[in-house]
Amino acid sequence: MKAAVWYARGDVRVEEVPEPPSPPPGQVKVKVAWCGLCGTDLHEYLGGPLYIPADAPHPLTGVKAPVILGHEMSGEVVEVGNGVTRFKVGDRVALCPIIGCLQCTWCQSGLMGLCPNIAFLGVSWTGGGFAQYVNVYEYMCYRLPPEVSYEVGALVEPFAAVYRAMKQANIQPGETVAVVGAGPIGLMGIQAARVQGAGRVIAIEPAARRQELAHRCGATIVVDPMRQDALTAVRDLTEGAGADVVLESAGIEATGILAGRIARRKGRIVVMGVFERPAPFDYTDLVYGEKVVMGSMGGYGLFDEAIQVMASNAFNGEALITGKIKLDDILEGFNTLIRHKEEHAKILVSPA
Ligand SMILES: [Zn+2]
Ligand SMILES: [Zn+2]
């Protein structure tokens, strides 16, 4: 079968690899429908290895580079291993990429995303979504209802992650949420905030195309930080108070500082942006305003709920998918995101 394989930094190859065998006990074989290109894939391609085990085998899975990439995928179950009870051949599924040890206190308390030995589909697993087939554990699969297309199914993983991040902020009805950065995570954050009861969503984004997408995703107001001071703009919109909840999804120095400052006193700041190195923060403002900063990683535990939202009219998948490409063209897809990221939200890849 065909797959996109990470060998080293700057070296990703589309090549023929053996198709996975019949799934071992507890696993199912999935025929990939669509898989989203993610910022994490780009980081691994340009600056990796970050999470890919390149020098030593992964402690939980024993996997070592070269690895097949891709972790935001949907597909159809085509074979089930012994002991699989919840899925059958023909089921349409989205995958949670998290593989836990199932034994530590985090795994046992429903927080598998915090497992110290965590492994990921498409990073430290035997396969990934940028391939025609992959074997995965039954517990990684979530059923897609008929209203959710395979295309939207490939958005389940990132949406569940944002949906969970916003849940951690505990949005109260009518509150004002500010979203810093309107890339894929920010755009999904706008939708998640609305579903969870936000009265207003203020998006802060410099790129024109993404500003337009932010409006389509339900942002009440879009602030262009190149044209006006974003802190002043948010204060003007909130009678000087600041936003109740802030989602940081850009992951650069300036946006980290901004996200903290635009939160009101006692406001909650959720950080999802992937910072390449430790970054400064306005700690005095944090102390004086008694603000709460939290990180959020992955959507484990909320996949079914996120899928329900995605099956409803409250979710706009069309505004999030800005490109569809073939697996053969995945390097072009990487380059498009490297050069023209601001023109895109999600690019989906089909191995068909
Ligand atoms: Zn991702
Ligand atoms: Zn664990």
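The C-alpha centres of domain 1 and domain 2 lie 28 Å apart, the domain bounds coming from an automatic or database domain assignment. Domain 1 covers 2-155 + 320-350, and domain 2 covers 159-295. Eight residues of domain 1 and ten residues of domain 2 form the contact between them, where two residues are in contact if their C-beta atoms, placed from the backbone, lie within 7 Å. On the side of domain 1 that touches domain 2, three residues are nonpolar, two polar and three charged (Ala, Val, Leu, Ile, Met, Phe, Trp, Tyr, Cys and Pro count as nonpolar; Asp, Glu, Lys and Arg as charged; the others, Gly among them, as polar).

This is a predicted model, in which local features need pLDDT of at least 70 and side-chain atom pairs pLDDT 80 or more, while totals for chains, interfaces and linings use all residues. Residues are numbered from 1 along each chain as its sequence is written, and chains are lettered from A and ligands numbered from 1 in the order in which they are written.

The C-alpha atoms of the protein fill a box of roughly 60 × 40 × 40 Å along the principal axes. Of the 352 residues, 48% are buried, that is, have 20 or more other C-beta atoms within 10 Å of their own; 12 or fewer makes a residue exposed, and anything in between partly exposed.

Methionine 1 is partly exposed, because 17 other C-beta atoms lie within 10 Å. Beyond its neighbours within four places in sequence, methionine 1 is in contact with Val17, Glu19, Ala131, Gln132 and Tyr133. Glutamate 343, 342 residues from methionine 1 in sequence, is 32 Å from it in space, C-alpha to C-alpha.
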